[in-house]
Amino acid sequence: MMRILLLAACLLAAGPALAADDASSCAEGITMIRDALALNPPEAAVPKLKKALRVAEREQKEGEFDECLDAVADARKVLGR
C-alpha cells in the first residue's frame, strides 16, 4: 500500500515537469514542420505537412500537448525522419 502511495505522489510531483517537456517538444515540432514547409518539400508531402501543422497548432492552443506531439509524429513520418 505504501508503495502505491509513494508512486502516486511521485507521479503527481512529476506531472508539471512532464507537461512542460511536452509543451516545449510541441513548440519545437511546430517549428520543425514550418521549416520543412519552407524548404519546398515534394508536392505529395505538402498537404500532409500543412494538415499536421494545423492540427499541432490547434492542439497547442488547447493545451493538448500529447495530441500536438501526435501531429508532429505524423509530420516526421511524412518527412521520413
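These notebook entries follow what I looked up in a predicted model of a protein.

**Ground rules.** I number residues from 1 along each chain as its sequence is written, and I leave out hydrogens and water, using heavy atoms for side-chain values. As the model is predicted, I take local features only at pLDDT of at least 70 and side-chain atom pairs only at pLDDT 80 or more, while totals for chains, interfaces and linings use all residues.

**Overall fold.** I looked up the secondary structure and found 3 helices and 0 strands, in the order α-α-α along the sequence; helices here are DSSP runs of H or I with at least four residues, strands are E runs of at least two, and both are numbered from the N terminus. I noted that buried residues make up 22% of the 81 residues, where buried means under 20% relative accessible area, exposed over 50% and partly exposed in between, with a 1.4 Å probe and protein chains only.

**Disulfide.** I searched for cysteine sulfur atoms within 2.5 Å of each other, the rule for a disulfide, and the count came to 1. It joins Cys-26 to Cys-68, with S to S at 2.0 Å, and links distant parts of the chain, since Cys-26 lies in helix α1 (residues 2–38) and Cys-68 in helix α3, 42 residues apart. The torsion about the S-S bond is about 90 degrees, so this disulfide is right-handed. Cys-26 is buried at 0% relative accessibility, and Cys-68 is buried with a relative accessible area of 0%.

**Leu-69.** I then turned to Leu-69 in helix α3 (residues 65–79), which counts as partly exposed at 25% relative accessibility. Leaving aside residues up to four places away in sequence, Leu-69 touches Asp-22, Ser-25 and Cys-26, a contact being heavy atoms within 4.5 Å.
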